[in-house]
Amino acid sequence: MSTGSARGGSGSGAGWSRRTLHPGRGRTGPVAEQDRGDAPRFHCDAQVPAVQGPFSRGRFELPDDAVDHLARQAKVPGDDIGFYDFTGRTAKAHRKEIREATGFRICTVADQKTLAAWLAVHIAQEERRTEQVRAQLLAHCRKERIEPPTAERVARIVDSGIRQADERLISTVAARLPVEPAAALEALFTPADGEDEDQGEAVAAGKEVQEPDVDVLSAIKASPGNASLATMVSEIAKLEAVRAISLPGDVFAGIHPTVVSAWRARAAVESPSHLRDHPRPVRLVLLAALVHQRERELTDTLVDLLNSIVHKINARAEKKLTEEFAKRYKEIRNKGALLNRIAEVSLEAPRELVEDAIYPVLGGTSGIANLLHEYKSKRGGYARDKQRVFKSSYSGHYRTGLISLLRVLDFRSNNNDHRPVLDGLELILAHADAKTTYYPSGTHVRLDKVVKAEWREFALDADPKGKQRVVRLVYECCVLQALRDCLRCKEIWVVGADRWRNPDEDLPADFDAKRQENYAKLDLPHQALEHTEALRMEMREELDKLHSTLPKLRWLEISEKNLGGAIKLTPLEPLPEPKNLRRLKKYIEQRWGTTPLIEFLKEAVLRTGVLTELTGVGTRSGLDPAVLAERLLLCTYGYGTNSGLRAVASGDHPHTEEDIRYTARRYLTPMGLKAMAVAIANATFAARQETVWGQGTTTVASDSTHFAAWDRNIFTEWHSRYRRSRGILVYWHIEKGRMVIHSKILTCSASEVAAAIEGVMRHGTTMNVAGNYVDSHGQSEIGFGVTKLLGYQLLPRIKQINKAKLYRPGPTNGTDPYPGLAPAMTRPIKWDLIEQNYDMLVRYATAIRVGTASTEAILRRFTRNASHPVYQAMLELGRAQKTIFMCQYLRDRELQREINSGLNVVEGWNDVNDVIFFGKSGELSSNHRDQHELAIGSLHVLQAALVYINTLMIQDALAEPEWADVLTPEDRRGLNPLFTTHMTPYGEVKLNMSSRLSLSDTATPAGSPDEDGGDNKE
């Protein structure tokens, strides 16, 4: 029973109108009472619920706009509804007639059981988020003409459906487990026979008990350390332990990945004693899910370690030689004068010994040595020494671990061009235990595409007999470097991995069957020629516009005379400063006072009901909802401010640190926090008043922020742009109104282009994103090509735009149509490459759209090391689109200002990060990736809550008569809800759920339990 249906809409299962409810005045009963005019009709219409759920229990559940709409239809004052008794006999009679008119019936106990069973079969086997399952349940009720029960009963039906689905799937998976793997899983948390008794007797006798070794289950759960030999050995041992369990490959066939992930999450947070308390099928399936996913994760981790350590060896060799060359290979000053003096001394005393005449001129033996080192450095000496240091570091420290790593990973390739690298790996393993300097005579060693030109001289050497041989350890170094290059572009992949899996698995398997649908979803023509012709025509139009308007563009100059590049673009002129925004912020502070940050979070939660997104890892919860809500607020606040759960536990509330930590472990997940942030963002979009904020936008700005973090892990890295410390990056997507719609944690070496695309495609809010402002790190020619296929605009601020090139739409044929742009132009686009690979380009775009793999994993195929033609085709497509954008950007001053203003939004967001994320000086004090995700996810929620409440405060303030017509156009341009002058994140944490901020339109939390149990008991 939906709002749209009550208003004459076409909601599924309830398409009635006022005429349906009131078919004529000749009827008898409350609906047709003529002596009371249209008021009874108005009251009857008001019985239709304003949200999906049971009948309204009172005026407080009815939105004002719905009441006004119904009052206008009935031609009675809207205030008349205040005299209507929603619990009286007339109201019950109205509800009965509405059911008769619409065909709905009360949900009985039998219906509840049937609905739970339907959820278990059709919904809960794939979807475990309670809000989504609840939405599907209500839609099914409308379809079946069943009146939705009360919120409390709906929650019970949802829980029952999820629990039944879980039991069915657990039985299915448990039946697939053979005896040996099941016994191996049991052994993970079962102590050896007599171990507990022996230790107990020893303790009773007062003897010292030796600490047992770290158990296998804890080791499997543990996060990896930093990129080192010790970490490599540890991760190899974990992978071998997981593989020893020998889970069948199809044990989770047909089980949705979200369900497997939910089982894994339960196993990860429960102690061995809790796991033992479960029935045997449950604990076996939970552990199997953990082992299954950890095997893929460990494989990915080993590939990451391989890439990191090879890079680390190379970087250290370069650093060592840089320091050495700074001392040894410094240029001799006045070298020309020295050579003249040598010539003079030689002519004056031609018969003198060189040692007596020349050495003093050059500063003795050390001066001559410096000259010799300088000479060698200019003839490749630096490169040779770097290779020497690389080989020394590899053979002296890392070789043992890397050889073991190569033995446990199975490398494959779909491209025969990279077969030499795989042959090189086989050769390394075949001779891994050899003690010889060279490979045996007659061994076929592949050099092409393995040993780079600068390594050839070092890898080939003459043996004592003068025969040219391949130096074994040097060749191993070359193979590892070539392997890293191929892995990074996924030309070589690893069996059993997830992120480093076969790239063909990243593409949608049903693309051919759904070809028409896939092209339609991307709004792309089926014919490649049609696509390239449209793009070529757009290029010509934009180049024509730029060329024709160039003489009138006072901010742009394109000339060969410009230093540093052909394009010269003058900076933007400053805009007038807003004059009344400080006054507005001061007024807000005076009206609401200095408010603790946790009050903003609490108010946002109570208005939106977003805590329902945080569901426990189990299928049941014994906590009182009110207690759980308070603990979840404290968890989110502790993580989001980085002050920690211990500091939050010492505040003014009845919850202990142990209680809060238990709640965080069982309920707080990155996915749940993201859903909370999405719900708050959607509530903000719905609450915005167009008269204050203007029309909604379809563009977002995105950029990264660096967070310092502990570095005893594999994902914390040093970045050249952030020299202060090692850390991680967080990539934000923020719309004009300062609401963040997506956040993602990245390693410092990850692609920001992929992160920008991921945020646009996966933000999950109601916002329709059609454009993305990025800085130079968020754009590339590949990025332009991908976003063109995905159907939104990439709008970058290009740092070195003076050196950028404009591509031609076609050959000039002797006459240049754009002579004024010639200094900035280059070759024509290779349209044939795009046309030949058009279908594959659409496949990759579809893979990103539907999410068959992460955007970063898919875009690894489009890096500089890639050699396949699809990469070249994507480059050409991106160059064409980039040329179109640059033509628009260079001639449109407003577009330049728009992009610059959009990116300034992110800078403002980062400033507020420093205020909110104040704990531990903003450093992530953990080596666990999941803790980082919880901290950043909670920070995302806190900022979203701040923006939401600030939006309401600004709207309430501007509604006051004293603020009428005060704001100037400059003020409205600069008006934004991201400010903290009236907020404090510091001090003792005081949580009082009964106090509220005085704001208009206080909403009842969605999904809150019925206090009176509802009235479906009629």
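Here is a chat about a predicted model of a protein chain.

Biologist: Hi! What should I know about the model before we start?

Modeller: It is predicted, so local features need pLDDT of at least 70 and side-chain atom pairs count only at pLDDT 80 or more, while totals for chains, interfaces and linings use all residues. Residues are numbered from 1 along each chain as its sequence is written, and side-chain values use heavy atoms, leaving out hydrogens and water.

Biologist: Let's pick a helix. How far does H5 reach?

Modeller: H5 covers residues 89-102, and its first and last C-alpha atoms are 20 Å apart, close to the 20 Å expected. The expected span is 1.5 Å times one less than the number of residues. Among the buried residues of H5 are His 94, Glu 97 and Ile 98.

Biologist: What comes after H5?

Modeller: Gly 103 follows H5, with a positive phi near 85°.

Biologist: How about H27, is it mostly covered or mostly open?

Modeller: Mostly covered, with 14 of the 17 residues of H27 buried. Just after H27 comes Asn 642, which has a positive phi of about 65°.

Biologist: Now strands. Why is S8 called largely enclosed?

Modeller: Because 10 of the 10 residues of S8 (residues 699-708) are buried, the rest of the structure largely encloses it. Thr 699 and Phe 707 are among the residues pointing one way from S8, and Val 700 and Ala 708 are among those pointing the other way.

Biologist: Which strand is joined to S8 by three bridges?

Modeller: That is S12 (residues 771-774), and the two strands run parallel. Two strands pair if DSSP finds at least two bridges between them. Thr 699 stands opposite Gly 771 in S12.

Biologist: Switching topic: which residues touch the most other members of the largest nonpolar core?

Modeller: Leu 185, Trp 263, Phe 411 and Tyr 475 do, in a core of 251 residues. A nonpolar core is a set of buried Ala, Val, Leu, Ile, Met, Phe, Trp, Tyr and Cys residues joined through side-chain atoms within 4.5 Å. Helix H15 (residues 280-328) gives the largest share of this core, 18 residues.

Biologist: Where is the second core?

Modeller: The second, separate core has 18 residues, including Leu 119, Val 133, Val 154 and Ile 162.

Biologist: Last one! How many aromatic pairs are there?

Modeller: A search of the whole structure finds 12. Rings of Phe, Tyr and Trp (its six-membered ring) pair if their centres lie within 6.5 Å; planes under 30 degrees apart are stacked, over 60 edge-to-face and the rest tilted. Phe 918 and Tyr 986 have ring centres 4.8 Å apart and planes at 70°, so this pair is edge-to-face.

Biologist: Where do Phe 918 and Tyr 986 sit in the chain?

Modeller: They are 68 residues apart: Phe 918 is in the loop between helix H38 (893-916) and helix H39 (929-958), and Tyr 986 is in the segment after strand S16 (983-984). Phe 918 counts as partly exposed, at 25% relative accessibility.

Technical notes:
Helices (H or I, at least four residues) and strands (E, at least two) are DSSP runs, numbered from the N terminus. Buried means under 20% relative accessible area, exposed over 50%, partly exposed in between (1.4 Å probe, protein chains only).
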